[in-house]
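Try each task before you read its solution.

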Amino acid sequence: MIALAVMLIVLLLLVILWQRRLIVNNNRQVKYVHEKLNNILDEGTHERLLLFSSNRELQILLTDLNRLLDANHKGAAERAKLDKSMRNMLANVSHDLKTPLTVVLGYIETLWHDEDMPAAERERMLRTIHQKANEVISLMNTFFDLAKLESGDSNIPLARVELGEVCRRNILSFYDLLNAKGSEVQIDLPDEALYLMGNEEALDRILNNLLSNAIAYGEAGGILGLKLYSDEDQVYIEVWDRGKGIAEAHQDKVFERLYTLEDSRNRVYQGSGLGLTITKRLTEQMDGTISLSSKPYVNTAFTVAFPRLRF
């Protein structure tokens, strides 16, 4: 009996020692996780928590913590991207507002101080002031439109729309400009009517932006194309040109707010950098998507796709 009691006591002591060892090891691992996690958060590194442990609950905790770290890293990257976008936006807004306002102020000072200016010159300056003031108003209205779209305050009414007529109307509105530039126009519209649930005003603005963009940036190619086609589920509008195109490094940025290719900012054409952003937002409000493919001086195409309506 004594021997049995001794054996039980020894076994009990071994169990206690084993449990204590587990507790100490678990505490050490938890302390490591705590210190490592704080270090990652304090230094903002992209490390993950790596720990070999037989503790199933601790493994589950580490998996969840790593998921939170991944989400935090992603959020930090998005915040950094947003901060950069905001800085670029402020720089571009300053540029786009400063240019016409500088002209306006300069002409006003000239008119103010030169009382003997010929009437014809005075009239020319006043027309320029009026034009530049309208440019500022137009830019501010564009900012306001984008703000409404991104805040969700601009819900556009949808109705059955036939795309062929929309395409014809918009390409015809640019006919005189394209003719004056000597650009060739290639229009490819199907004989059958293609419908979607959309908004004609929004579609007009989308096509106006895409056609204006193609004319402004693709002029060197000497040709502009508009194609309307469909498959079983979707309808597509493609606007293309053979101009200098958009380098691959820039293609994922052209839909960002106020993103413009710097070499395109010249006295002939200065975009606000908002047209394609608004185009994308309007397209998405009609359950559509927009994509870009570009090979400089070969083919640059913006394609919008919408769910096809069959009644």
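A salt bridge is a side-chain nitrogen of Lys or Arg within 4 Å of a carboxyl oxygen of Asp or Glu. Keep in mind that this model is predicted.

**Exercise 1.** Find which residues are linked with Arg 169 in a network of salt bridges.

*Solution.* 
- Step 1. Start at Arg 169. Its side chain meets that of Glu 200 in a salt bridge, 3.2 Å from N to O.
- Step 2. Glu 200 sits in helix α6 and Arg 169 in helix α4, 31 residues apart, so the pair links distant parts of the chain.
- Step 3. Asp 204 joins Arg 169 and Glu 200 in the network.

**Exercise 2.** Decide whether Glu 219 and Lys 181 are buried, partly exposed or exposed.

*Solution.* 
- Step 1. Locate the pair. Glu 219 is in the loop between α6 and β4, and Lys 181 is in helix α5.
- Step 2. Check the bridge. Their side chains meet at 3.4 Å, N to O.
- Step 3. Recall the cut-offs: buried is under 20% relative accessible area, exposed is over 50%.
- Step 4. Apply them. Glu 219 has 38% relative accessibility, so it is partly exposed. Lys 181 has 33%, so it is partly exposed too.

**Exercise 3.** Which element gives the most residues to the largest nonpolar core?

*Solution.* 
- Step 1. Take the core, with its 37 residues.
- Step 2. List elements that give two or more residues, among them α4, α6, β5 and β7.
- Step 3. Pick the top contributor: α6, with 8 residues.

Notes
Residues numbered from 1 in each chain as written. Predicted model: local features only at pLDDT ≥ 70, side-chain atom pairs only at ≥ 80, totals over all residues. Heavy atoms only, no water. Core = buried A, V, L, I, M, F, W, Y, C linked by side-chain atoms within 4.5 Å. Buried < 20%, exposed > 50% of the residue type's maximum accessible area, 1.4 Å probe, protein only. Helix = DSSP H or I, 4+ residues; strand = E, 2+ residues; numbered from the N terminus.
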